[in-house]
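Please walk me through this protein chain, feature by feature. I would like to learn how each feature is read before seeing the case at hand.

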Amino acid sequence: MVELRKIDAGNYLKILGMELPRQQQSFVASNAASLAEAWVFYDTARPFAIYHDDEPVGFLMFDFGKGPREVEIWRFMIAPEHQGKGYGTAALRAAIAWLKEQNRFDRVRINYVEGNGAAQAVYRKVGFRETGEREGAEVVMTKSSASASASPQIAEKDSEQSAELNASQSMESNETGEMNGNASAAVEEKATTAIKEEQKTETVQSEPKEAEKAVEMKPEEAIQPVESTIPEVVHTVDDIYDFDDISGRDVDSKC
């Protein structure tokens, strides 16, 4: 198991004795320099030893002074004899989990020297991404501390919240189903009413046609005294056309 432990009188000499090979020394300051800076910047620096079981395998130091809700992994190294064993990835995950427990930070920051492909790969593996910023020769990467693995208590709370949300969604679904059922019934009733109205309209529209047939007369039958016959016919035709016009408006308004 890989974990972080405080540096104290019992392990500081082992941390000071860890030295990187020459080709890696330009990537990170020595542990001696880092512990000296931790003494000077004691209000914001937080140094830790990285342990695998009961053996120290590396060093890590936080900087709590980067800004509101932001923290930086200021120094990070794995002793050369322990590199390539997955301790670096496990140590970073342990560091992010520890930061999450502090409930003080929303974003974690870490830098790597351009050309240090091994560090870049490890950082990306645990979720860090380049921001496009640079600090001198160093490339800046960040990660949300909220994406760290949740503790069992947090996971249980999230599960309860998820259950409540599902129950709420189920109730909303039932209510939506009832609303849809009521809406369907209303639509069906409206359609039935429309059909009945249409039937009434067809009946009303058929009456003018019968009236028109009554008006159509043979020439010999139409020869009647002018004063008595024509006014009736004209009156009947006017009624028909007025009725057609009114019937048309009623049909349009109902449609």
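The dialogue below goes from the whole chain to single residues.

Q: What kind of model is this, and how are residues numbered?
A: This is a predicted model, in which local features need pLDDT of at least 70, side-chain atom pairs count only at pLDDT 80 or more, and totals for chains, interfaces and linings use all residues. Residues are numbered from 1 along each chain as its sequence is written, and side-chain values use heavy atoms, with hydrogens and water left out.

Q: How many helices and strands does the chain have?
A: Helices (H or I, at least four residues) and strands (E, at least two) are DSSP runs, numbered from the N terminus. The chain has seven helices and seven strands. Their order from the N terminus is β-α-α-β-β-β-α-β-α-β-β-α-α-α.

Q: What share of the chain is made up of buried residues?
A: Buried means under 20% relative accessible area, exposed over 50%, and partly exposed in between (1.4 Å probe, protein chains only). Of the 255 residues in the chain, 27% are buried.

Q: Which residues of helix α2 are buried?
A: In α2 (residues 31-40), the buried residues are N31, S34, L35 and A38. They lie on the same side of α2, because they cover an arc of only 95° around the axis; the arc is that of the directions from the helix axis to the C-beta atoms. Exposed W39 and V40 are on the face turned away from the buried side of α2.

Q: Which elements do the buried residues of α2 pack against?
A: Contact means heavy atoms within 4.5 Å. The buried residues of α2 pack against α1 (12-16), β2 (45-52), β3 (55-67) and β4 (70-78).

Q: Which residues of the largest nonpolar core touch the most other members?
A: A nonpolar core is a set of buried Ala, Val, Leu, Ile, Met, Phe, Trp, Tyr and Cys residues joined through side-chain atoms within 4.5 Å. The largest such core has 28 residues, of which I50, F62, I73, F76, Y123 and F128 touch the most other members. At least two residues of this core come from each of β1 (2-6), β2, β3, β4, α3 (87-102), β5 (107-113), α4 (117-125) and β7 (138-144). The element that gives the most to this core is α3, with six residues. Another core lies apart from it, with 13 residues, among them L20, L35, A45 and F59.

Q: How is a pair of aromatic rings described?
A: The description uses the distance of the centres and the angle of the planes. Rings of Phe, Tyr and Trp (its six-membered ring) pair if their centres lie within 6.5 Å; planes under 30 degrees apart count as stacked, over 60 as edge-to-face and the rest as tilted. The structure holds nine aromatic pairs. The rings of Y123 and F128 have centres 6.4 Å apart and planes at 65°, so this pair is edge-to-face. Both Y123 and F128 are buried. Elsewhere, ring pairs link F48, F62, F64, W98 and F105 into a cluster.

Q: Which residue lies over the face of Y51?
A: A charge sits over a ring if NZ of Lys or CZ of Arg is within 6 Å of the ring centre and within 35 degrees of the ring normal. Over the face of Y51 lies R5, at 4.2 Å from the ring centre.

Q: Where does N111 lie, and is N111 buried or exposed?
A: N111 is in strand β5 and counts as buried, at 11% relative accessibility.

Q: Which side chain makes a polar contact of 2.9 Å with the side chain of N111?
A: A polar contact is a pair of N or O atoms within 3.5 Å; within protein, one must be able to donate a hydrogen and the other to accept it, and residues adjacent in sequence count only if both atoms are side-chain atoms. At 2.9 Å, the partner is the side chain of E135. The side chains of N111 and E138 are also joined by a polar contact, of 3.1 Å.

Q: What joins the side chains of R107 and E70?
A: A polar contact of 2.8 Å joins them. R107 lies in strand β5 and is partly exposed, with a relative accessible area of 33%.

Q: What is the phi of D53?
A: Most residues other than glycine have a negative phi. Phi of D53 is near 60°, a positive value in a residue other than glycine. D53 lies in the loop between β2 and β3 and counts as partly exposed, at 43% relative accessibility. For N103, phi is near 55° and positive too. N103 is in the loop between α3 and β5 and is exposed, with a relative accessible area of 59%.
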